[in-house]
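This briefing covers one protein model and the ligands placed with it. Please have the sequence and the structure open while reading.

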Amino acid sequence: MQPNSTIMLVVLLLAIPEHCNEVVFDLYWGYPSNGRDYLDASCLMFNGQQFNNLCDYRHRNHCTAIRHSGDVMDDLNRKGHHTMNVTLKNMPSNVTHLFFTLSAWCSPNISRYPNPSLKFYEASNPGKDLCKTTFQHAGSYQAVVMCSLSRGMYGRWEIFGSGKCSAGNAKNYEPLQTTIRSLIAQVFNTICNLIRIQNIHRCIVCIQ
Ligand SMILES: *[C@@H]1O[C@H](CO)[C@@H](O)[C@H](O)[C@H]1NC(C)=O
Ligand SMILES: *[C@@H]1O[C@H](CO)[C@@H](O)[C@H](O)[C@H]1NC(C)=O
Ligand SMILES: *[C@@H]1O[C@H](CO)[C@@H](O)[C@H](O)[C@H]1NC(C)=O
């Protein structure tokens, strides 16, 4: 494995300031030509590499720290809408990574949903997009891992952009879990190992 190519898999976008407590993942999509369908916004939670919890349209209250809007469908304008509001201070300590994904429900790939738009922002600052990752490259895939929140130095949350394409959807998260596990294994451990040289504290948090 080339160290440089692993690093390119995710990009640290920023550390969330401590006072910031709520982030919102806000997704709109158009209906495919054959009618109402869903581009699901989901959050998969991990403790290290171990899958821990799930929030999606069907599991809206599985994690008390996340509120999922459920399906908000506008049949007249042929638009779907999902939001997830994440209260970071309520996140159980056994959740170290939150991965936010989009996935096609009935359609075979993401390109079938016209004009999707995603905003990921602090509730107190909706104008500033925290996830600069686009998903134009993901059209031929069933799912894409957009970004993640990970516990970083001194327990502060950090946002990583990913854009990693995957199979899997809300009927079967198994392929997405596999993709995410390999991201965690390759990227977060690598970053951690690199950072260990410079900052021992950070690595204790990562490797635990
Ligand atoms: C994580 O912790 C919560 C309570 O803080 C507990 O309900 C849950 O079962 C734990 N999950 C795992 C997978 O250990
Ligand atoms: C999520 O946060 C946004 C922005 O603060 C708010 O407009 C929306 O009503 C919230 N949704 C839920 C389900 O709490
Ligand atoms: C998406 O799936 C449709 C239907 O199977 C197919 O015709 C189309 O070529 C696919 N698009 C891409 C970009 O792979």
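Leaving aside its neighbours within four places in sequence, which residues is leucine 176 in contact with? They are Leu44, Thr101, Ala143, Ser166 and Gly168. The model is predicted, and the points below are grouped by topic.

**Leucine 176**

- Leucine 176 belongs to helix H2.
- Leucine 176 counts as buried because 25 C-beta neighbours lie inside 10 Å, and the cut-off for burial is 20 or more.
- Serine 166 is 10 residues away from leucine 176 along the chain, and their C-alpha atoms are separated by 6.2 Å.

**Overall make-up**

- The protein has 3 helices and 11 strands.
- Read from the N terminus, the order of elements is α-β-β-β-β-β-β-β-β-β-β-β-α-α.
- The protein has 208 residues, of which 36% count as buried.
- Of the contacts between residues at least 6 apart in sequence, 69% join residues at least 24 apart.

**Nonpolar core**

- The largest nonpolar core holds 42 residues; Leu39, Cys43, Leu102, Ile110, Val144, Met146 and Ile180 touch the most other members.
- Elements giving two or more residues to this core are the strands S2 (22-30), S3 (39-47), S7 (79-87), S8 (97-104), S9 (117-122), S10 (143-151) and S11 (157-166), together with helix H2 (174-198).
- In soluble globular proteins, nonpolar side chains tend to be buried together.
- Not counting residues up to four places away in sequence, isoleucine 110 touches Leu39, Leu102, Ala104, Phe135, Ala138, Gly139, Tyr141 and Val144.

**Strand S3 and its partners**

- S3 is mostly covered, with 8 of its 9 residues buried.
- S3 pairs with S8 in the antiparallel sense over 8 bridges; phenylalanine 46 has histidine 97 in S8 as its bridge partner.
- S3 also runs antiparallel to strand S4 (residues 50-55), to which 5 bridges join it.
- Leucine 44, one of the contacts of leucine 176, has leucine 54 in S4 as its bridge partner.
- The hairpin of S3 and S4 has 2 residues between the strands, and in this hairpin glycine 48 takes a positive phi near 60°.

**Strands S10 and S11**

- S10 and S11 are antiparallel and pair over 8 bridges.
- Valine 144 stands opposite cysteine 165 in S11; valine 144 is also among the residues that isoleucine 110 touches.
- S11 is mostly covered: 7 of its 10 residues are buried.

**Ligand surroundings**

- Around ligand 2 are Val24, Arg67, Ser69, Thr83, Asn85 and Ala123; this shell divides into 2 nonpolar, 3 polar and 1 charged.
- Ligand 3 is surrounded by Pro108, Asn109, Ser111, Arg112, Gly139 and Ser140, a shell of 1 nonpolar, 4 polar and 1 charged.
- Gly139, listed around ligand 3, is also one of the residues touched by isoleucine 110.

**Confidence**

- Mean pLDDT for the protein is 83, and 79% of its residues reach 70 or more.
- Residues 1-8 have pLDDT below 50, and this stretch has 7 contacts in the model beyond near neighbours in sequence.
- Over residues 193-208 pLDDT stays under 50, and the model has 15 contacts beyond four places in sequence for them.
- Where pLDDT is low, the predicted coordinates should not be read in detail.

Technical notes: Residues are numbered from 1 along each chain as its sequence is written. Chains are lettered from A and ligands numbered from 1 in the order in which they are written. This is a predicted model: local features need pLDDT of at least 70, side-chain atom pairs count only at pLDDT 80 or more; totals for chains, interfaces and linings use all residues. A residue is near a molecule or strand if its C-beta atom, placed from the backbone, lies within 6 Å of it. Ala, Val, Leu, Ile, Met, Phe, Trp, Tyr, Cys and Pro count as nonpolar, Asp, Glu, Lys and Arg as charged, and the others, Gly among them, as polar. Helices (H or I, at least four residues) and strands (E, at least two) are DSSP runs, numbered from the N terminus. A residue is buried if 20 or more other C-beta atoms lie within 10 Å of its own, exposed if 12 or fewer, and partly exposed in between; C-beta atoms are placed from the backbone. Two residues are in contact if their C-beta atoms, placed from the backbone, lie within 7 Å. A nonpolar core is a set of buried Ala, Val, Leu, Ile, Met, Phe, Trp, Tyr and Cys residues joined through C-beta atoms within 7 Å. Two strands pair if DSSP finds at least two bridges between them. pLDDT is the predictor's confidence in each residue, from 0 to 100.
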